Amino acid sequence: MRRSAAETRERLLEVAHDLFYWQGIRGVGVDRIAAAAGVAPTTLYRLFASKDDLITAYVTRADGLYKEWFETTAGDEDRPARARILALFDEQTEQIRPDRCRGCPFLMALAELPDSAHPAHQAAAGTKRWVRARFAELAASAGVADPQAVADQLALAFEGAYASVQALGADGPARRARRLAELILDAATSS
């Protein structure tokens, strides 16, 4: 059965996500992605003008999936903000298991694409800014005196878990991220 252009594009992005995430953006060529997706390279180039366009689409797609995960985890307005923040750390603990995680795809994209003018770099940095802003909104809802400072601290704990997991594993420092978030929130609400 023939796929539509939209279905083929999504299939290419699924394959690119898997290969870029597990093998590295610079370590995977477009021919390999096309072959793994079962399409000709010319089909890939009809849908993405260049590898850079494919990389940017991959990061943008990952951004959407990540935001959906974040909002599903923290979006229940009926729960207290503190519980919603800690739920993110609980879910992150599951997310960073070795069979599921090699680290943060956005941190990896930023490392592999150091040119801040690259659209994929900008998209990855935008995801990080969004996470920080969401932590600030949640911290404000929790009634802390300085939501931005708490957001910075929570973002550091959250990012630190992603950053450490590849080298030190899920049972390394990453396992303490939730406790660190509790301490941050306790300190911010007790002053």
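The side chains of E71 and R134 meet in a salt bridge, with 2.6 Å from N to O. A salt bridge here is a side-chain nitrogen of Lys or Arg within 4 Å of a carboxyl oxygen of Asp or Glu. The pair links distant parts of the chain: E71 lies in helix α4 (residues 51–74) and R134 in helix α7 (residues 119–141), 63 residues apart. Helices (H or I, at least four residues) and strands (E, at least two) are DSSP runs, numbered from the N terminus.

This is a predicted model, in which local features need pLDDT of at least 70 and side-chain atom pairs count only at pLDDT 80 or more, while totals for chains, interfaces and linings use all residues. Residues are numbered from 1 along each chain as its sequence is written, and side-chain values use heavy atoms, with hydrogens and water left out.

The two partners can also be described by their accessibility. E71 is partly exposed, with a relative accessible area of 29%, whereas R134 is buried at 10%. Buried means under 20% relative accessible area, exposed over 50%, and partly exposed in between (1.4 Å probe, protein chains only).

A search of the whole structure finds 14 salt bridges.

| Pair | N to O distance |
|---|---|
| E71 and R134 | 2.6 Å |
| D76 and R79 | 3.7 Å |
| R82 and D186 | 2.9 Å |

R82 is partly exposed, with a relative accessible area of 31%, and D186 is partly exposed at 32%.

In the pair D76 and R79, D76 counts as partly exposed at 35% relative accessibility, and R79 counts as partly exposed at 27%. Elsewhere, D90, R178, R179 and E182 are linked in a network of salt bridges.

Helix α7, which holds R134, has 23 residues and reaches 33 Å from its first C-alpha to its last. This is close to the expected 33 Å, the expected span being 1.5 Å times one less than the number of residues. Just after α7, G143 takes a positive phi of about 80°.

A UniProt record, from an unreviewed entry, places the feature "domain: HTH tetR-type" at residues 6–66. UniProt positions are given in the numbering used here, feature names are shortened, and annotations may be inferred rather than shown by experiment. Over residues 6–66 the chain is 80% helix and 0% strand, and the end C-alpha atoms are 21 Å apart.
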